[in-house]
Amino acid sequence: MRIARTLGRGSLALYTIIFFGFIYLPLALIVVYSFNANPINMMTWSGFTTDWYLQVLGFKTKISENALYLESTDQLLAAVRNSLVIAASTTAIATVLGTALAIAIHRYYFFGKSFYRVLLFAPMLMPDIVLGIALLIFFVAIGAHLGLVTIIIGQCTFLISYVFIVVSARLAGMDRTLENASADLGANEWTTFRKVVLPQLMPGVLGGALLAFIISMDDLVITYFISGVDITTLPIFIFAMLRRGIKPEINAIAVMMLTFSFVVASLGLYFRSRQK
Amino acid sequence: MSARSRQRLELGVLLTPATLFLIAFFVVPLVIMMVMSFLMPGLYGGAEWEFYPHNFGRILGFADPMFEEFDPVYLAIFWRSVRIAALTVLCTFLVCYPAAFQVARLPERWKNFCLFLIALPFFTSLIVRLFVWVLLLRQTGLINEVLLDLHLIDRPLDMIYTDGAIIVGMVYIYVPFMFLPIYASVEKLDWALVRASQDLGAGPVRTFLRVIFPLTLPGVIGGAIIVFIPALGNFVVPEVLGGAKVLMLGNLIEQQFLAARNWPFGSALAMLVMAAMLVALFIYVLTEGRRGSDPALGL
């Protein structure tokens, strides 16, 4: 009986290790192969090189002398620039609107709160293809030019909900006695908000903004439908590359993206754990 | 200004912008799409202003007799998508449950570290995570190369561009969605009940099936629904790992909008995805919703 139980525990622990291996080994694999010098078969190791990275960044390498392996660096950089512009704008808009909604719903009593429950949950639950085509039909119907602006508006529809949830969680955990103390000590409401509420709320707002930024950078489906012909974002660029057939420099781009999101997410989660 | 009217003003300033934004750019587009799904497709794309139920008819069995006979292919694609999404749910459940169970019982430090590891992929690019599986599964991919080198097979296996490849890709990207709800319900589990079951003579299997699993079922159902909904309409995974051979609902919708330019029919298909989502949510409300609203949202 005891042996059986120990065995059971042991196999469960072993399984958990395999589980994390399943999640992380494939990602580790891209990192390894992004340094593979073999231009024909990515999976056969033929030596260490950083040429793929250099080439993606626009430097001249031995590889880029071979015209077969020329993927346009300009297009990639344009896609990165677009993604950053979109993510910065959506983050700003969604953070302001989502935070305002969270404060209103947490602090005030008013008729029709359950309406907001639907209005805020629905965009997150809606399959992204449905939201994508609904927005496409809408923008075409009102005659809007598909491009940066439509992408920013489209992404904000669901990013507001994410910011709302993060800020709401923070609001729910806040200590209201501090505000009463501030009022008792003679501060007016605005001063109390600025000096007491806002500093406490800030981690939630920053967390929400960070989440919105990362989700915006990664959004593929909704952006895909409402981006029009002349705007490419980073996920769409990679999606298009995958459809045309894989070339080795995708590895290098992928590793740079992974590094970026790992650093941002680790920072965010680290700060959150510090604040507890 | 009285305190009351000032409160009203504050509330108005806080609520109005986001409310108008969401109504204009979320509610209105969905309503237009619903209307569109009942309009007649125009000859050169777009739609004609005329009530036309045959967009749904083409899928469900009453196609417009003027143009075509009913072809069950769309219904077949729908069921195939439901099947693949359901299998994805089943596989994510099987993959996640033991691990979530184990992680929930680890000491605090380890628990937090494991949760961090689970959350991290959520922040990394989805398309990059899918791309890895192309490298692994394709004919000249790593799995085939290794199996060939070990002489376990003499020709490469056809793994990519199959239903199996789609399911593997979806399981990989949806793992955190299933893991976290299960973890939360295992964490809340009252171990006194488990000990009681053991004291009363139930063996481990019986204790698991009669006590532990039913108590963690809400987490499983929650996870199942948030995996099922995006899996059903997913068009990126079938596009990348399913190739041209495997068509799912999402690909069909994309085609109607970007290639065939039959927007009313595409809208009708999207309505079908939405209907399936509502059914899934309804099941969730029936099983779990009775417990009341989510305190974290403060709604």
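Predicted model: local features only at pLDDT ≥ 70, side-chain atom pairs only at ≥ 80, totals over all residues.
Me: Is B:Tyr161 buried, exposed or partly exposed?
Reply: Partly exposed, because 18 other C-beta atoms lie within 10 Å of B:Tyr161, and buried would take 20 or more.

Me: And what's the story with B:Arg261's phi?
Reply: B:Arg261 isn't a glycine either, and its phi is positive at about 55°. B:Arg261 belongs to the loop between helix 11 (249-258) and helix 12 (263-287) of chain B. B:Arg261 counts as partly exposed because it has 15 C-beta neighbours inside 10 Å.

Me: Zooming out, how many helices and strands does chain B have?
Reply: Twelve helices and two strands. From the N terminus the order is one α, then β-β, then α for the rest of the run.

Me: What's the radius of gyration of chain B, next to a compact globule?
Reply: Chain B has 24 Å, whereas a compact globule of 299 residues would be near 19 Å. Along the principal axes, the C-alpha trace of chain B spans about 85 × 70 × 35 Å.

Me: How much of chain B is buried?
Reply: 40% of its 299 residues. As for contacts in chain B with a separation of 6 or more, 66% are between residues 24 or more positions apart.

Me: What does the domain assignment give for chain B?
Reply: Domain 1 is 28-71 + 259-289, and domain 2 is 85-247. Their C-alpha centres are 32 Å apart. Eight residues from domain 1 of chain B and eight from domain 2 of chain B make up the contact. On the domain 1 side, that's six nonpolar, one polar and one charged.

Me: And chain A?
Reply: Chain A gets domain 1 (2-60) and domain 2 (73-246), with C-alpha centres 33 Å apart.

Me: How many residues does each chain put into the A-B contact?
Reply: 64 from chain B and 67 from chain A. Helix 1 (residues 3-36) of chain B supplies the largest share of the chain B side, 16 residues.

Me: Which residues have the most contacts inside the largest nonpolar core?
Reply: A:Ile133 and B:Val273, in a core of 155 residues. Helix 7 (residues 163-188) of chain B gives the most to this core, 15 residues.

Me: What does A:Ile133 touch?
Reply: Leaving out residues up to four places away in sequence, A:Ile133 touches A:Phe225, B:Met33, B:Ile253, B:Phe257, B:Gly266 and B:Ala270.

Me: Last topic: which stretches of chain B carry the "transmembrane region" annotation?
Reply: According to UniProt (an unreviewed entry), residues 12-39, 77-101, 113-136, 165-186, 207-229 and 265-286.

Me: How much helix and strand is there in residues 165-186 of chain B?
Reply: That span is 100% helix and 0% strand, and its end C-alpha atoms are 30 Å apart. Residues 207-229 of chain B also come out at 100% helix and 0% strand, with 32 Å between the end C-alpha atoms.

Methods
Residues numbered from 1 in each chain as written. Chains lettered and ligands numbered in written order. Domains from an automatic or database assignment. Contact = placed C-beta atoms within 7 Å. Nonpolar A, V, L, I, M, F, W, Y, C, P; charged D, E, K, R; others polar. Helix = DSSP H or I, 4+ residues; strand = E, 2+ residues; numbered from the N terminus. Core = buried A, V, L, I, M, F, W, Y, C linked by C-beta atoms within 7 Å. Buried ≥ 20, exposed ≤ 12 C-beta atoms within 10 Å, placed from the backbone. UniProt positions renumbered as here; feature names shortened; annotations may be inferred. Rg over C-alpha atoms; globule rule 2.2 N^0.38 Å.
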